[in-house]
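Welcome, and please open the model in your viewer.

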Amino acid sequence: MTVRGMNKLIICGNLGADPELHTGGKVPVASLSIAAPGRITEGQQQVEWVKTVCFGKNAENVHKFLKKGDNCLVEGRMQTEKYTAKDGTERYSTKCIAQSVTFLGSPRSKSKPAEEARGEEHDFGDGFSEF
C-alpha cells in the first residue's frame with residue numbers, strides 16, 4: 001500500500017542537555033533533547049521537548065559542536081516506535097530522526113557581534129552547518 005503525503009519536521013530550539021553519542025554499533029548515533037516553544041496557556045509559554053536522533057557524521061558533529069543551551073534548527077522526519085514497558089503495558093515513543101542540523105548560536109559564543117556573524121556559514125559536511 002502506498003501512502004501519499006509528507007513526513008517533514010522542522011524544529012528550532014535550545015538543547016536541554018549535552019548530546020549523547022553512542023558508538024557501539026556500525027554507525028554513530030547521537031541523542032539530543034530540544035526545547036521548542038509551544039503554545040501559550042494562561043499567559044505562560046509552554047515548552048515542547050522533542051527527542052531527536054542523528055546518525056553517522058551528523059551524529060559526530062552534533063556531539064562535537066553542540067552543548068546544553070545551544071540553539072539549533074533540525075530538519076527531519078517523525079518516527080513512532082511501539083515497545084513493551086517493564087510492567088507489561090504497550091507504550092509508544094515519538095522522536096525526530098534528523099536529516100540535517102544547523103547550529104544557530106550559543107550563549108557561550110558572544111565574541112562576534114550579531115551583525116558580523118549573520119550570513120557567515122561554516123559547512124561541517126553531512127547536513128551539519130553553522131551560521
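Which residue takes a positive phi in the hairpin of β3 and β4? Select E42: in this hairpin, with 2 residues between the strands, E42 has a positive phi near 50°. Before going on, note that this is a predicted model, where local features need pLDDT of at least 70, side-chain atom pairs count only at pLDDT 80 or more, and totals for chains, interfaces and linings use all residues. Residues are numbered from 1 along each chain as its sequence is written, and side-chain values use heavy atoms, with hydrogens and water left out.

**Stop 1: the loop at E42**

E42 sits in the loop between β3 (29-41) and β4 (44-55). Strands here are DSSP runs (E, at least two residues), numbered from the N terminus. Most residues other than glycine have a negative phi. E42 counts as exposed, because its relative accessibility is 80%; exposed means over 50% relative accessible area, buried under 20%, and partly exposed in between (1.4 Å probe, protein chains only).

**Stop 2: the partners of β3**

Now select β3 and β4, which pair in the antiparallel sense over 11 bridges. Two strands pair if DSSP finds at least two bridges between them. Highlight I34, whose bridge partner in β4 is V50.

Then bring in β1 (residues 9-15), which is antiparallel to β3 over 2 bridges. Pick N14 to find A35 of β3 opposite.

**Stop 3: the salt bridges**

How many salt bridges are there? The count comes to 5, where a salt bridge is a side-chain nitrogen of Lys or Arg within 4 Å of a carboxyl oxygen of Asp or Glu. Side chains of opposite charge can pair when their charged atoms come close.

Select K95 and E81, a salt bridge with the closest N and O atoms 3.4 Å apart. K95 lies in β6 (residues 90-105) and E81 in β5 (residues 71-84), so this pair ties together parts that are 14 residues apart in sequence. E81 is partly exposed, at 34% relative accessible area.

Move on to E90 and K82, whose side chains meet in a salt bridge (3.3 Å, N to O). E90 is exposed, at 52%.

Finish with R91 and D87, a salt bridge with the closest N and O atoms 3.6 Å apart. R91 is partly exposed at 38%, whereas D87 counts as exposed at 52%.

Note on methods: Helix = DSSP H or I, 4+ residues; strand = E, 2+ residues; numbered from the N terminus.
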